[in-house]
Amino acid sequence: MCGELRADGAGENVVLMGWVNRRRDHGGLIFLDLRDRSGITQVVVDEATGAAHQKADAARPEYVVAVKGHVRRRGAGLENPNMPTGEIEVVADELLLLNEAKTPPFSPAEDAIANEEVRLKWRYLDLRRAGMQENFALRSRVAMAIRNNLIGQGFLEIETPFMTRSTPEGARDYLVPSRIHVGEFYALPQSPQIFKQILMISGFDRYFQIARCFRDEDLRADRQPEFTQIDLEITWARQETVFRVTESFLKAAWAAAGIELTTPFVQMTYDEAIRNYGIDKPDMRLPAMVTLTEVLTPELRERLKIEQALPVLGFVIPGAGDLSGTQHKSLVNEVRASFGDCGLDLLDVKRLTTSTEFEPLAQAIRKELDAEYERFLKSNGGAESAQTGIYADYLAVVVTPKLGTPAMWNYDPQWIWKRVGALRLQLGAKFADKHGRYAKTGTENDYKFLWVTDFPMYEWNEETKTWDAAHHPFTSPHEDDIKAGRLTSDKGAVRALAYDVVLNGTELGSGSIRIHRQDVQKEIFRSLGMTDEEAQARFGFFLQALEYGTPPHGGIALGLDRIVMILAGAQSLREVIAFPKTAKAIDLMCDAPSHATEAQLRELHLNIRGRS
Ligand code: ASP
């Protein structure tokens with residue numbers, strides 16, 4: 001291969017095939033850099049070879065060539081230390097031009113290609129780039145490591161259909177019209193959820209699949225209409241069973257990228273996540289939020305015009321304590337402006353320290369913030385924590401509710417925690433250079449994993465004025481909440497046996513322990529506002545299956561694309577999906593979606609309304 005030859009192979013006869021990466025004509029000598037997926041080798045073609053030299057003369061970038069020749073050490077001073085093959089070159093005896101190439105719209109030899117649309121349109125050229133080749137080699141290795149690991153843990157890989165009935169995961173379905181059954185449609189699976197549960201009813205015990213899922217949702221930057229999940233389901237599973245299985249295959253996946261992970265991961269409940277990070281997917285690369293509610297006594301609140309009954313929250317941004325007076329002022333203004341009229345305000349701790357009256361309050365606040373910073377440093381193995389006086393380097397951010405601030409915002413009593421959590425992330429990003437905690441070190445420290453458990457079962461939908469399933473309707477509620485009758489009396493307080501695995505502030509995957517009793521499943525459908533008839537029409541086959549000896553089971557699904565993206569250090573899922581779609585759900589290379597012909601539409605008994 002073009003990337004494999006080294007100095008110890010000098011003198012060997014070789015045949016190389018590949019693409020012309022670059023061509024340099026030095027008159028009597030032509031240099032061709034030959035590229036395949038393993039790398040690049042410099043080929044020298046001497047005028048004395050006659051035919052070979054003539055062909056090399058005709059060769060252009062991206063021509064496909066075959067070279068016969070021998071390996072030679074490059075002359076002293078001519079080595080290229082930046083290339084793995086930089087100590088040698090191949091001296092050509094024969095050259096074949098296997099195929100020509102038109103001048104490409106951009107060169108795969110260049111690293112920086114700005115316009116993504118151009119890259120996607122000419123995807124085959126884009127994929128030839130070394131960086132992309134590496135991403136897909138990594139993807140293949142990671143998928144293989146996960147497969148091997150799960151097989152080793154006793155799982156069977158079983159495929160489930162693409163043409164099926166609707167599976168509710170909260171998105172719109174992609175529909176496939178049936179030619180044979182007029183007016184009927186298959187739905188592409190939003191996930192294999194129902195099938196994997198039926199596989200448990202079928203006695204398969206431990207199932208997995210690296211499964212394609214299809215969801216027709218409004219595309220955000222980091223979503224694709226079709227994506228790949230590592231999907232699994234386990235009979236007789238408790239939450240911990242799923243956690244240990246998942247940690248094991250994630251360890252294998254990270255090992256495939258050369259990183260040793262420590263397991264088990266940290267675990268916290270949804271309520272703890274909201275209280276400490278203001279979000280259900282905490283980024284633990286920075287210290288948590290600190291509750292300062294007690295520090296702000298009723299008297300102090302009175303004096304500082306702070307609402308009495310509401311929380312006061314703070315956090316620190318390490319390394320950002322050295323803002324100049326002007327920088328500090330503009331930050332305060334910026335944050336205050338971003339709060340708009342929601343009632344929250346920034347308490348300027350720096351200014352408090354300059355007043356004798358409020359100096360003790362500033363001290364008390366710093367004490368609390370210090371404690372969290374210390375805990376953070378310790379849990380990150382930081383030796384710095386033993387020293388004193390190191391805290392001066394952090395930026396202290398404290399958020400207070402002004403008089404009249406509402407306790408609920410959009411019916412959400414946790415809105416203050418969430419708003420401050422969002423500010424924490426925003427400032428974390430703004431001062432990334434100062435705290436340096438997002439920079440990759442190539443060690444396991446770069447990856448802060450955790451499990452979030454006890455998610456709420458229901459979510460209030462303000463638009464439809466209904467309670468929706470927060471995960472999906474097959475998720476089991478906590479036994480205690482069923483027993484306490486909360487399914488009907490207090491839906492907002494029902495906890496689900498649902499969990500997420502989170503990494504650096506992104507949700508890598510979610511799952512749950514499922515409902516395995518038909519009566520409970522029916523009750524959950526009812527509690528979601530579905531009549532028995534509707535439930536029967538949509539999920540009759542599944543309700544029936546539940547009646548034939550369904551074992552307790554649970555599972556999870558993780559996004560493979562996202563995992564590979566993170567391991568590759570890529571900024572977008574499109575960097576690790578060979579043929580992705582744009583934000584408008586278009587495949588620019590093959591120009592899909594496209595119109596169907598009249599004949600096709602007729603066969604499918606379809607009429608397009610409003611088509612121009
Ligand atoms: N089917 C769920 C999803 O795709 C994951 C699970 O509960 O296993 O989000």
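A salt bridge is taken here as a side-chain nitrogen of Lys or Arg within 4 Å of a carboxyl oxygen of Asp or Glu. The model is predicted, so local features need pLDDT of at least 70 and side-chain atom pairs count only at pLDDT 80 or more, while totals for chains, interfaces and linings use all residues. Residues are numbered from 1 along each chain as its sequence is written, and side-chain values use heavy atoms, with hydrogens and water left out.

Turning to the overall picture, the protein contains 19 helices and 21 strands (DSSP runs numbered from the N terminus, H or I of at least four residues for helices and E of at least two for strands). Its C-alpha trace spans about 95 × 75 × 55 Å along the principal axes. Of the 612 residues, 47% are buried (under 20% relative accessible area, with exposed meaning over 50% and partly exposed in between; 1.4 Å probe, protein chains only).

A search of the whole structure finds 35 salt bridges. In one of them, the side chains of Lys196 and Glu233 come together with an N to O distance of 3.6 Å. Lys196 belongs to helix 5 (residues 193-201) and Glu233 to strand 10 (residues 226-235), so this pair ties together parts 37 residues apart in sequence. Lys196 and Glu233 are both buried.

Another salt bridge pairs Arg119 with Glu575, their closest N and O atoms being 3.1 Å apart. This pair links distant parts of the chain, 456 residues apart: Arg119 sits in helix 2 (residues 116-121), and Glu575 in the loop between helix 18 (560-568) and helix 19 (598-603). Arg119 counts as buried because its relative accessibility is 8%, and Glu575 is likewise buried, at 15%.

Asp25 and Arg23 also form a salt bridge, with 3.8 Å between the closest N and O atoms. Here Asp25 is partly exposed, with a relative accessible area of 40%, and Arg23 is partly exposed at 24%.

Helix 7 (residues 270-277) packs against helix 12 (residues 415-430) at an angle of about 60 degrees, the axes lying 7 Å apart (lines fitted to C-alpha atoms over the stretch in contact, with angles from 0 to 180 degrees between N-to-C directions). Helix 7 is therefore oblique to helix 12 (under 35 degrees is roughly parallel, over 145 roughly antiparallel, 65 to 115 roughly perpendicular and the rest oblique).
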